[in-house]
Amino acid sequence: MEARIDLFANPVTRKLFGHFQAAGKVLTDSSLPHTTQELVKIRASQINGCGFCTDMHTKDAAHAGETPVRLNLIAAWREATVFTDAERAALELTEQGTRIADAATGVTDEAWSNAAKHYDDDQLAALVSLIALINAYNRVNVIARQPAGGYEPGMFG
């Protein structure tokens, strides 16, 4: 598979990705647990069919010490016993926030309340922003058909 456009060489997308990376740094530096951040990025990327981001974030998570069992069960988190209640709440919010067009009401009050039980306002703000940011990355990569498989942890800085 070949990308439709070289997103990394194009000056417009290079500039855009610079802004995305700056936003991502704000979130990485937030108090939202790093493990939760990676789970969110992986789950949204799976839902959106973004192979590039799924490849990147599973490799980054594994490099940071995430276990193969947990990585393999992210897509089936509801039936898996390896995630904390807080992680499960974040995954639920991620799914509903990613599939926002699938529900007339968007994210349910129940999903929001469940997340609010586990995360303070700063963490919730980071979680919501992270869901939006990874969805933006996914859409750019899916539209451009960015190929997956060649990512190495740390290759983007």
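## A tour of the salt bridges

Select Asp29 to begin: this residue is exposed, with a relative accessible area of 52%. The model is a predicted one. Lys25 and Asp29 form a salt bridge, with 2.7 Å between the closest N and O atoms.

**Zoom out**

Show the whole chain as a cartoon. Seven helices and zero strands make up the secondary structure. Read from the N terminus, the order is α-α-α-α-α-α-α. The radius of gyration is 15 Å, close to the 15 Å that the globule rule gives for 157 residues, so the protein is as compact as a globular protein of that length. Switch to the C-alpha trace. Along its principal axes the trace spans about 45 × 35 × 30 Å.

Contacts come next. Take those between residues at least 6 apart in sequence: 70% of them join residues at least 24 apart.

**Helix 2 to helix 5**

Select residues 34–48, which are helix 2, and residues 85–98, which are helix 5. Show the side chains of Arg43 and Glu95. They meet in a salt bridge, 2.8 Å from N to O. This pair links distant parts of the chain, with Arg43 in helix 2 and Glu95 in helix 5, 52 residues apart. Are these two residues buried or exposed? Both Arg43 and Glu95 are buried.

Arg43, Arg78, Glu95 and Arg99 are linked in a network of salt bridges.

**Helix 3**

Move to residues 51–63, helix 3. Pick Lys59 and Asp55. Their salt bridge has its closest N and O atoms 2.9 Å apart. Where do the two partners sit relative to each other in helix 3? Lys59 and Asp55 are four residues apart, so about one helical turn separates them.

Check the accessibility of each partner. Lys59 has 25% relative accessibility and counts as partly exposed. Asp55, at 11%, counts as buried, because the cut-off for buried is under 20%.

**Surface and charge**

How many salt bridges does a search of the whole structure find? The search finds eight. Of the 157 residues, 39% count as buried.

Finish by colouring by charge. The protein has 14 positive and 19 negative charges, and their mean positions are 6 Å apart.

Key:
Residues are numbered from 1 along each chain as its sequence is written. This is a predicted model: local features need pLDDT of at least 70, side-chain atom pairs count only at pLDDT 80 or more; totals for chains, interfaces and linings use all residues. Side-chain values use heavy atoms; hydrogens and water are left out. A salt bridge is a side-chain nitrogen of Lys or Arg within 4 Å of a carboxyl oxygen of Asp or Glu. Buried means under 20% relative accessible area, exposed over 50%, partly exposed in between (1.4 Å probe, protein chains only). Helices (H or I, at least four residues) and strands (E, at least two) are DSSP runs, numbered from the N terminus. The radius of gyration is taken over C-alpha atoms; the globule rule is 2.2 Å times the number of residues to the power 0.38. Contact means heavy atoms within 4.5 Å. Lys and Arg count as positive and Asp and Glu as negative; His and the chain ends are not counted. The place of a charge is taken as NZ of Lys, CZ of Arg, CG of Asp or CD of Glu.
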